[in-house]
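Here is a set of questions and answers on one model. Look at the structure first, then read on.

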Amino acid sequence: MKIQSLYTSGDICGFRKNNQCLHENNSLLEQDTKSNSLSNRIYDNSQTKINILFLAEILDLINDAVIITDTEYKVTYWNHKAEKLYGIKTTEIIGEILTVAFEPLWSYSQQQQAYTDALEQYGFWKGENIHLKKNGEKIYVDSSIFVLEEKFCGFLWIIKDLDNIYYERSLRQIAEYKVKEQSTLIDFTRDAILMLNFDGEIIFCNEGGYRTYGWESSQMHGKNIRQILYDDSSLPQIEFALNKVLENGEWYGELYHLCKNGQKIILEARWILIRDNQDNPQSILTAATDITEKKQLETQFLRTQRLQSIGSLATGIAHDLNNILTPILAVAQLLPLKLPCINENTKGLLNIVLDNCKRGSDLIKQILVFARGAETQYMNLQVGHILVEVARVIRQTFPKSMEICMDISTRELWMVFADATQLHQVLMNLCLNARDAMANGGTLTLAIGNFFIDENHAGIHLDANVGPYVVVTISDTGCGIQTENLGRIFEPFFTTKELGKGTGLGLSTVLGIIKSHGGFVDVCSEVDRGTCFKIYLPAVESIEKVEFSELEPTQGIEELILVVDDEKTILEMTKTSLEAYNYRVLIAKDGIEAITLLSQHEYKIKAVLIDFIMPILDTKITISTLKKINPQVPIIIMSGLASDEVITKTSSSDFQAFLAKPFTTWELLSTLKQVINQSK
Ligand SMILES: Nc1ncnc2c1ncn2[C@@H]1O[C@H](COP(=O)(O)OP(=O)(O)OP(=O)(O)O)[C@@H](O)[C@H]1O
Ligand SMILES: [Mg+2]
C-alpha cells in the first residue's frame, strides 16, 4: 500500500515505500530506499506523524487530483487521484515541472504567465482547461490553484476530472431521455394502456386510454374498470380475463368496453401479469386496440360477399325473366294495333298488363344494376336520363302519400363523364333517405340543371373548381336533420334509424362515388321543414339535347330488317311490332339461317337485330360473318343481360346499339331508327 504524507511543521514530506520523498521548502531530498530511512527519522513516533499519516490518507481518498508545486511549478506533492487522472506515478513527477497543466494550444510561457499573474493578483486561479495525460490524451478539467502560505512557498492545485463528470451527467441525461421517450411512446400510441391492481382499479392510464374511452385522467384514475368500462352484459368478460391472467400470466382476446358517451366499442386486448424482483405478482398491464371500425368493415365485407353471390344468381334469373316478359310486353302493345275496334275497357286491361310488365322489367333492371354494383364503367352520359329512370322507379314503389315532382331547367343539359350504375345508386340512396324522412307524406322534388362555377363559388367549396357542372337536386319536405347531426351524416355507419332499418352507409357511399367523379355534395336542412342535397358533377364539353318525353315512335319506310333469335315468341312479336310500323321483316332462328339470309339479300337488309345468346353458332362469330358479307349493316344486340356484360363479352365495335330485354315498342323503333339513320 502506498502512503503519502504531508508534513506540516514547516516541511513537506511525501514518502512511499520504495518511493522518493520531498522536503524543506519543496525541494526534492532523496530518492527510493533512502527516503524511508529519512522519513522514519523525521516522523519518529511523534503524534505529528500520526496526524500526517491521517491527513495523507484523507487526501488520497479525495476524488480530485491534489497537487502541490513550488513557485516554479515543480511538483512537490502528487496524490493518488492525480496518478490515476494523468497516468503519471508520483515517482515520475516529483521535482518535475507541471507541464501537464499547460494547455496544448498555449505556449509554456503564456500559460505560466497567466497563472502567475492571477495568483499574484488574486491569490488563486480558477477555470476549466485542457490537461494532458502521460499518453498524450487530452482531458477536460476544472482547476483551482491557490497560493500556499509563504513558508510553503508554492501552489496548491485541486483538479476535477470534468470528463468523468460529463460522462456521469450524460449517462443521467440518457437515462432521463429514455424515460421521457418511453413515456412519450406510451402516450403516443393509439392503444389504451392501463395498469390495474388485482381488484381491477386503474393505477395508470396513458393518453391513448383517455382518447379511446373519452374520460379525463381524474375520472379514470383510481376507478374500478368494472364501474366505468363495463356494463352488466360485458361484466363476465372481465372476470374471465382476470382469472386467466392470474392463472397463466397473460391473456389475449376481444373485449367490449363502454365509452364515456355510452358507445360500445370492440377492443383487441393483451393482458400481462407484472411481477416484482422476487417474482411476486404486482399488477396487471393491459394494452387494447380499438377494432370497432375493423369489425364493422369485416361485417360489411361479408355482407358484400353475400350480396355478390345473390347478385350473380339474380343475373341468371334476370336473363330468363326478360325473355319471358319481352313477348308479353310486345303483345300488350300490339293488340290495340291489331284489333283497332277493342273497347276502352279492354284497352285498360291491356294497359294493366303493359304497366306490370314494365314494372317487372324495371325490377329486373334494378337487380341487375345492384348485381353489377362493384363494376365501374365511365363514359360520357346524360344524367338526365338516369334521373328520369330513378323517378320512374320511385313513382312505382314509393308510398302514394308522397308527391314526386320533376324540375328540369333545360333541355340542353351538359354531359358528364361518369359511371351510370354508380350515379343511379347515388340518386336512389338520396331518394330513399327522403322517403324515410317523410313518413307522413310530403313532396320529393328531383331537379337537374347546368351550373357554371366561377371563382367566387369555387372559393366557397373546397372541392369545387372553376368550370361547368351539372347539378342534381333532391329535396324533400321531411323531418330535416338536427344541427348536431349535420356534420356527421356522411360518416360511415352514422345512422339515426332504429336497429335493422339503416346501416348508415348510404350517404358515405354517395360521397365516395361523387368524389371519385371529381364532384362534390352540398346539403342544407331545417328541422321539420325538409332537406336538400345538391350533387355537383363536372360537365364535359359536348352538349346533348335531352328528350324526356316519350315521343311517338316513327314509322319505317319499308326498310328490310333481319331479326335473329332462338326464342320463337320473341321472334314473332318483334316481327309483328316492326311490321305494324311499316318495316319489312326477315326472321332467323339461329346464326346459320341469319348468314344465309344476309348473303341472299345482302344490301337490301338495312339492319340486323340479334339475340346475344344463341345455340348452334355463337353470336360473336355470327356477327363477324355478317359484317364480312356486308360491313355497313348496323347490328343491334338484344339481351336480357346487362349492357356492360355484353360489352365485356364482345367488342363494342361489333355492334351499333344495345336493346335491353324486355324492350318497349318505342325503344325498339327508336333504336332501329337511330342506327339506320347513322348508317346512311
Ligand atoms: N333527407 C334526409 N332527411 C332527414 N335526415 C336524413 C336525410 N338523409 C340522411 N339523413 C340522416 O342521415 C343519416 C345517415 O344517412 P345514411 O343514408 O348514410 O344512412 P341511413 O339512411 O341511416 O342507412 P342506410 O342508408 O345505410 O340504409 C340518416 O340516418 C338520417 O339521420
Ligand atoms: Mg340512407
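This is a predicted model: local features need pLDDT of at least 70, side-chain atom pairs count only at pLDDT 80 or more; totals for chains, interfaces and linings use all residues.

Q: Which side chain has an N or O atom 2.8 Å from an oxygen atom of ligand 1?
A: A backbone N or O atom of Leu505 sits 3.1 Å from a ligand 1 oxygen. That one is backbone. The side-chain N or O atom at 2.8 Å belongs to Asn433.

Q: How much of ligand 1 does the protein bury?
A: Taken alone, ligand 1 exposes 600 Å² (Shrake-Rupley method, 1.4 Å probe). The share of that area buried by the protein is 89%.

Q: Which element gives the most residues to the shell around ligand 1?
A: The ligand is surrounded by 19 residues (a heavy atom within 4 Å). They divide into eight nonpolar, nine polar and two charged. At least two come from each of α14 (420-437), α17 (506-516) and β19 (530-543), where helices (H or I, at least four residues) and strands (E, at least two) are DSSP runs. The top contributor, with three residues, is α14.

Q: How many residues form the largest nonpolar core?
A: A nonpolar core is a set of buried (under 20% relative accessible area) Ala, Val, Leu, Ile, Met, Phe, Trp, Tyr and Cys residues joined through side-chain atoms within 4.5 Å. Val383, Ile394, Leu423, Leu444 and Ile535 touch the most other members. Ile535, for one, is in contact (heavy atoms within 4.5 Å) with residues including Val426, Leu430 and Phe520. The size of this largest core is 42 residues.

Q: Is Asp528, with its positive phi, buried or exposed?
A: Phi of Asp528 is near 65°, although the residue is not glycine. Asp528 lies in the loop between β18 (520-526) and β19. Its relative accessible area is 63%, and the cut-off is over 50%, so Asp528 is exposed.

Key
Residues are numbered from 1 along each chain as its sequence is written. Chains are lettered from A and ligands numbered from 1 in the order in which they are written. Side-chain values use heavy atoms; hydrogens and water are left out. A polar contact is a pair of N or O atoms within 3.5 Å; within protein, one must be able to donate a hydrogen and the other to accept it, and residues adjacent in sequence count only if both atoms are side-chain atoms. Ala, Val, Leu, Ile, Met, Phe, Trp, Tyr, Cys and Pro count as nonpolar, Asp, Glu, Lys and Arg as charged, and the others, Gly among them, as polar. Buried means under 20% relative accessible area, exposed over 50%, partly exposed in between (1.4 Å probe, protein chains only). Lists of a residue's contacts leave out its neighbours within four places in sequence.
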